[in-house]
Structures are given as structure tokens and as C-alpha cells.
Amino acid sequence: MTCSDAVHRILEGDPLDLQGHGDSSLAEHIRTCPRCRAMAELVLEEERRLGIQMVGAVEVPDLDQLLDEALEKRPGTSPKTTSREHRGLQFKRFGLPLIPLAAAAAVVTLFLGGEPSLPGDSYAPPQRTAGLGVEVPEGQNAAVLATNNPDITVLWFF
Amino acid sequence: MKSPPSRIDPDPILIEKAQQGDRKALRSLLEEVGPPVRQWALAHTGDPDSASDLSQEVFLLLVRKISSYRGEARFLTWLFTVTRNQALEDTRRRGRQEKKMNRLKIEMERIRETSNPGATEVDRKRLGDLITTFVQELPARQREVFQLSELQGLSSPEIGVILEMAPVSVRAALLKARRSLRKKILEQHTEFVEEYLP
């Protein structure tokens with residue numbers, strides 16, 4: 001194998017061949033040719049440095065914070081608040097019961113706010129109709145309801 | 001000469017403790033697998049910013065799913081399978097390509113400035129150019145194959161399982177990636193090859 005052949009083989013060669021290990025013709029050439037061996041070493045070294053730089057290019061996460069979050073969401077663990085949710089509920093630490101306060105505010109608004117006006121025609125619920133005799137099986141009740149259509153009466157057994 | 005990269009699995013006892021929810025063991029495990037995960041995330045996304053987000057999601061997934069690891073494959077093979085699935089989901093969920101190139105340029109500049117304090121400016125630029133070549137000129141599939149094979153020492157069948165590729169396709173992608181990168185390396189060292197390379 002010539003050095004020119006070796007260079008082209010180095011471009012695709014396995015690391016072990018580039019290290020001069022094994023029985024391949026490339027490995028054999030590299031063992032005997034200092035120039036091609038230096039070239040192969042350079043390639044492997046640059047690739048190794050590339051790997052290190054790739055790791056360094058990506059930000060290292062805060063493992064403790066990450067574990068906090070991961071363990072909260074892990075199946076089978078108690079459903080505690082996540083760190084993000086925890087931040088949102090920090091008012092509890094100051095003795096403010098947020099959820100009961102919110103519920104109370106909603107009730108006050110509901111009863112003091114008056115009847116809300118809704119769009120559209122008002123709905124008239126069906127009226128109970130008297131005078132229609134209905135036999136009901138023992139143990140059951142029935143309601144007779146008139147509708148807006150005078151030809152239709154609803155019998156409700158319950 | 002340095003030995004070829006070979007990834008040794010984490011200690012099985014450490015994995016077992018982590019599976020039982022031992023926080024200290026989980027932390028040690030995350031520290032151990034952190035570099036290959038971050039490296040792989042960059043190879044997959046081609047963007048340091050997205051890779052950072054992705055690696056965090058991978059860690060979260062690892063903690064949640066570690067109990068499903070049965071020891072049938074090497075831990076890293078299982079891990080990368082899990083992380084790749086997450087990566088695909090992540091890529092679908094977020095379209096952050098528009099920020100990619102600007103961020104990459106900034107990051108490469110930072111690497112040139114801060115890495116290898118003893119290296120010359122020429123060395124730093126050369127390495128920065130190599131990473132840029134890796135990220136910008138290689139298709140994502142070739143980057144993944146190269147990272148898993150050359151930098152993590154996984155075999156073609158193992159990579160085939162992770163990437164859902166036939167081993168022969170893994171090999172083909174690996175050879176293409178090697179050729180592109182090594183050509184770039186050798187072009188930067190013309191003293192070695194100017195009489196050989198076209």
C-alpha cells in the first residue's frame with residue numbers, strides 16, 4: 001500500500017485500523033509508516049476533541065432542581081407540587097388560604113351580583129299538568145308535564 | 001496512542017438503587033450519563049440551545065422510566081433509545097429552527113474563545129470549524145451515527161436498534177460521516193496531505 005492509498009483509506013477507516021491494530025493492510029501500513037501513523041493519530045485526536053467540545057457546547061442542567069421536578073412526576077410517588085407549581089402557591093407560607101378565599105369571593109359575586117342577563121328568548125320550563133289520571137306501578141312516582149305544544153304531554157316515571 | 005472509545009455501562013448496583021428511587025444514586029447516574037446525553041442531543045438537534053432543552057427532557061424521562069430498564073440491553077443503548085424517542089417528540093413540538101443558526105454562531109465563537117487555553121488562535125479556529133462542519137454540513141442521521149459509534153463506542157447493531165436502521169445502513173452513514181469530517185481535518189493540516197488529497 002502506498003501513502004496515497006493509505007490517506008484515502010484513513011478517510012473511512014475504523015479507529016482500530018487507524019491505531020495500527022489488526023491485520024488489515026491499512027493497519028499494517030500505519031505500523032510501518034511514521035508519516036501516515038502521525039496523520040492517523042491526528043485524525044483520532046481531532047475527533048476526540050470534537051467529542052469533548054460537543055459536550056461543552058451544551059449547557060449543564062441543575063441536577064438538583066431537575067431531580068426535584070422529575071421525582072414529583074414519577075409514577076408511584078406521592079403527588080406533591082412541582083417546583084413550578086410550588087412557586088405559584090408560595091402565598092400559603094404567609095397564612096393566606098387562597099383557595100377558600102377564592103371560593104368565598106365566587107359565592108358573594110354569585111348572590112350579590114343579581115340575576116345575570118342572558119342573550120336569547122327566556123326559557124319557560126314545562127308546567128305540571130293537573131287533571132290527567134295516570135296509574136303508577138307500586139313503588140314508583142310519576143310526574144305529568146305539559147309542553148309548549150298542546151298536543152304533547154310528558155309522563156315522567158321515577 | 002489512545003485506545004478506541006468504549007462506553008462502559010454504569011455500575012448495575014447504582015442503576016438498581018436509582019430504580020428504587022434513591023436520590024443520591026439517581027444524581028450520580030445523571031452525572032455519569034450527562035456527557036453522552038448532551039453530546040447526543042447536540043448531534044441530534046445540531047443546535048446547542050435546543051440540545052440543552054432536549055437533554056433536560058431526556059433526564060426527566062430517564063428518572064421517570066428507569067424502573068422499566070430490565071438489563072436486557074446495555075444501559076446506554078436503552079437510554080439512547082428512550083432519548084431518541086423523546087427527541088423526535090420534542091422536535092415535533094417545537095419549531096425553533098429560526099434561532100438555530102444565530103445561536104450556533106455565537107456558541108462556536110464562545111468555544112473558540114474559551115476552550116483550550118493553551119491552544120493557539122489557529123487551533124481554536126480549526127476546532128470551531130470542525131464543530132461547524134459537523135453540525136452544519138452533516139445530515140442529522142450521519143451526525144447521530146457518528147456520535148454513537150465514534151464518540152460513544154456503540155456497535156452498528158446497537159445503533160441500528162436505537163435509530164431503527166439496518167446495520168448496513170448504519171455502516172454506510174458512518175463511512176460518509178467519517179469521510180466528511182476527516183477530509184475537513186486533513187484539509188486543515190495540509191502539511192500532511194497536500195500531495196495526496198485532490
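Reader: What does chain A average in pLDDT?
Author: Chain A averages a pLDDT of 73, and 63% of the residues score at least 70. The term pLDDT denotes the predictor's confidence in each residue, from 0 to 100. This is a predicted model, in which local features need pLDDT of at least 70 and side-chain atom pairs count only at pLDDT 80 or more, while totals for chains, interfaces and linings use all residues. Residues are numbered from 1 along each chain as its sequence is written, and chains are lettered from A and ligands numbered from 1 in the order in which they are written.

Reader: Where in chain A is confidence lowest, and where highest?
Author: Confidence is lowest in helix H6 (residues 83-88) of chain A, at a mean of 40, and highest in helix H3 (residues 25-32) of chain A, at 94. Helices are DSSP runs (H or I, at least four residues), numbered from the N terminus.

Reader: Over which residues of chain A is the pLDDT below 50?
Author: The pLDDT is below 50 over residues 78-96 of chain A. Beyond near neighbours in sequence, this stretch has twelve contacts in the model; a contact requires C-beta atoms, placed from the backbone, within 7 Å.

Reader: Turning to the two chains, how many residues are in contact?
Author: On chain A 38 residues are in contact with 45 residues of chain B. Helix H4 (34-57) of chain A is among the elements giving two or more residues to that side of chain A, and the largest share, 16 residues, comes from H4(A).

Reader: How do the residues of that side divide?
Author: The side of chain A that touches chain B has 23 nonpolar, five polar and ten charged residues. Here Ala, Val, Leu, Ile, Met, Phe, Trp, Tyr, Cys and Pro count as nonpolar, Asp, Glu, Lys and Arg as charged, and the others, Gly among them, as polar.

Reader: Within chain B, at what angle do helices H2 and H3 pack?
Author: Helix H2 (residues 23-45) of chain B and helix H3 (residues 48-65) of chain B pack at about 140°, with their axes 8 Å apart. H2(B) is therefore oblique to H3(B), a class left over once angles under 35 degrees (roughly parallel), over 145 (roughly antiparallel) and 65 to 115 (roughly perpendicular) are set aside. Axes are lines fitted to C-alpha atoms, for helices over the stretch in contact, and angles run from 0 to 180 degrees between N-to-C directions.

Reader: Which residues make the contact?
Author: Among them are Leu26(B) and Leu30(B) of H2(B), and Val58(B) and Phe59(B) of H3(B). The contact of H2(B) with H3(B) comprises eleven nonpolar, three polar and one charged residue.
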